[in-house]
Amino acid sequence: MKSDYIGAGQSQTPAEHKDRWQTPVEIFDALDLEFGFYLDAAADLSNALCSHYLTEYDDSLSCDWESYGAIWCNPPYSAVTPWVSKAAEQCKAQNQPVVMLLPADTSTGWFSEALKTVDEVRFVTDGRIGFINAGTGKPGKNGNSKGSLLFIWRPFIKPRCMFTTISRDDLIVIGSEVRGEKAA
């Protein structure tokens, strides 16, 4: 399948791990503090960040994201468009916020598509997120090739398509404090 993410072809990650990068727990914990995640909609046994999660075997794009709290999604970057559509649909169906972490690439079709339904686009500033390699369990050697953004869908309001920012370093500090650790 051809990727709809421009940077996807540049990765040296083995094919079996390419779409399985995990969000660093400090980043997730900082966002979890704000949103209270119940469900990880794009996970596997080794990288799930919520106790309730959907894997490729559950086929997240074909099932409901049944949730009793906010929904977290760091989808495979090789096919972002269907995830953006599904997140907008499931925000309404579940009456829960959906927060999706993606590359900050405004040149893609999925970015334009998300702007039609998303309540907030939050750009992560002050550095790139060092995702965790599924094969090694360690941050990627060369770091992320692009910055990141969060799409945030909220139920019960007309999408405002606000643009905001959050510092990556602030997320790391907040997440480390949540975990009772000192930020590196």
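User: In which loop is the place of Asp126?
Analyst: This is a predicted model, in which local features need pLDDT of at least 70, side-chain atom pairs count only at pLDDT 80 or more, and totals for chains, interfaces and linings use all residues. Residues are numbered from 1 along each chain as its sequence is written, and side-chain values use heavy atoms, with hydrogens and water left out. Helices (H or I, at least four residues) and strands (E, at least two) are DSSP runs numbered from the N terminus, and Asp126 has its place in the loop between S5 and S6.

User: What is the phi of Asp126, which is not a glycine?
Analyst: Most residues other than glycine have a negative phi. Asp126 is not a glycine, yet its phi is positive, at about 65 degrees.

User: Which residues touch the most other members of the largest nonpolar core?
Analyst: A nonpolar core is a set of buried Ala, Val, Leu, Ile, Met, Phe, Trp, Tyr and Cys residues joined through side-chain atoms within 4.5 Å. The largest such core has 44 residues, and those that touch the most other members are Trp65, Phe151 and Trp153.

User: How many disulfides does the structure hold?
Analyst: A disulfide is counted as a pair of cysteine sulfur atoms within 2.5 Å. By that cut-off, the number of disulfides in the structure is 0.

Conventions. Buried < 20%, exposed > 50% of the residue type's maximum accessible area, 1.4 Å probe, protein only.
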